[in-house]
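Visitor: Could you take me through this model, one question at a time, and let each answer end on what was asked?

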Amino acid sequence: MSIWRWCGNMGTNKRNKVLAKLCSCLEGMLLSVSMLMANDDWERIYVHIEQDVEKYRDRLQEIPYTLIVALVVAEDRRFFHHRGVDFKALIRACLRNIQALGFVEGASTIEQQLARTYTQKKEKTISRKWKDILLSVRMATEMDKDTIAKLYIFQAYYGWRANGIEQVCFRMGV
């Protein structure tokens, strides 16, 4: 029996309890591993993130809360309820990827998308995902959610070869 069928055959309450316990276990493991992450490359990336927070400090204050809400609704509905990793979404994505025998879903949070923007790694690999997770946990531990969301608005890739809301507005003539 596949994992997907096994989870599907459980009653809702039992499945939720198993997933909650698994999420709790993964979160504890991830937080302890992230504390060990002291690689120079990752430290430089995080310093760059902190420098951007300082660089945009005044403009970050100008972003209306409704724009943050729109971002959260579109990208990561549980943004205010996790610490950089949405374990429920991650488990769901793993199960769907196993079922499809390939990468069909990623479960990236806003922090993970921001980490991917800074690392500039686009490949769909488990090692890249793991590194994004570690960096996102550090961001979520050391920065407040509003700052992360606002920095995402200034740095994320929006298509049209435009990183950040300023480039998008410039290209649209706004």
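Predicted model: local features only at pLDDT ≥ 70, side-chain atom pairs only at ≥ 80, totals over all residues.

Visitor: In which helix does Arg138 lie, and with which residues is Arg138 in contact, leaving aside its neighbours within four places in sequence?

Guide: Arg138 belongs to helix H8, which spans residues 126–142. Once the neighbours within four places in sequence are set aside, the contacts of Arg138 are with Glu43 and Tyr46.

Visitor: What share of the contacts in the chain with a separation of 6 or more comes from residues 24 or more positions apart?

Guide: The chain has 174 residues, of which 41% are buried. Among contacts with a separation of 6 or more, the share from residues 24 or more positions apart is 65%.

Visitor: How many of the ten residues of H7 are buried?

Guide: Helix H7 covers residues 110–119, and its buried residues are Ile110, Glu111, Gln112, Gln113, Leu114, Ala115, Thr117, Tyr118 and Thr119. H7 is therefore largely enclosed by the rest of the structure, the number of its ten residues that are buried being nine.

Visitor: Which residue just after H7 takes a positive phi?

Guide: The phi in question is about 60°, and it is found just after H7. The residue that takes this positive value is Gln120.

Visitor: With which side chain does the side chain of Glu111 make a polar contact?

Guide: Glu111, in helix H7, is buried, with a relative accessible area of 0%. Not counting residues up to four places away in sequence, Glu111 touches Asp76, Phe79, His82, Gly84, Ser136, Met139, Ala140, Lys145 and Ile148. The polar contact of its side chain, at 2.6 Å, is with the side chain of Lys145.

Visitor: How far apart in space are Glu111 and Ala149, C-alpha to C-alpha?

Guide: In sequence, Glu111 and Ala149 are separated by 38 residues. In space, the C-alpha to C-alpha distance between Glu111 and Ala149 is 8.1 Å.

Visitor: Is H7 roughly perpendicular or roughly parallel to H8, and is their crossing right-handed or left-handed?

Guide: The axes of H7 and H8 come within 8 Å and cross at roughly 110°. Because angles of 65 to 115 degrees count as roughly perpendicular, H7 is roughly perpendicular to H8. The handedness of this crossing is right-handed.

Visitor: How do the residues of the contact of H7 with H8 divide into nonpolar, polar and charged?

Guide: On the H7 side the contact is made by Glu111, Gln112, Leu114, Ala115, Arg116 and Thr119, while H8 contributes Arg128, Lys129, Asp132, Ile133, Leu135, Ser136, Met139 and Ala140. By class, these residues are six nonpolar, three polar and five charged.

Visitor: How are H7 and H9 oriented to each other, and which classes of residue make their contact?

Guide: The axes of H7 and helix H9, the latter being residues 145–155, come within 10 Å and cross at roughly 45°, so the two helices are oblique to each other; the crossing is left-handed. Ile110, Glu111, Gln113, Leu114, Thr117 and Tyr118 of H7 meet Lys145, Ile148, Leu151, Tyr152 and Gln155 of H9. The classes in this contact are six nonpolar, three polar and two charged residues.

Definitions and conventions: Residues numbered from 1 in each chain as written. Heavy atoms only, no water. Axes fitted to C-alpha atoms, helices over the stretch in contact; angles between N-to-C directions. Helix = DSSP H or I, 4+ residues; strand = E, 2+ residues; numbered from the N terminus. Parallel < 35°, antiparallel > 145°, perpendicular 65-115°, else oblique. Left-handed = near helix turned anticlockwise from the far one by under 90°. Contact = heavy atoms within 4.5 Å. Nonpolar A, V, L, I, M, F, W, Y, C, P; charged D, E, K, R; others polar. Buried < 20%, exposed > 50% of the residue type's maximum accessible area, 1.4 Å probe, protein only. Polar contact = N/O pair within 3.5 Å; in protein donor to acceptor, adjacent residues only side chain to side chain.
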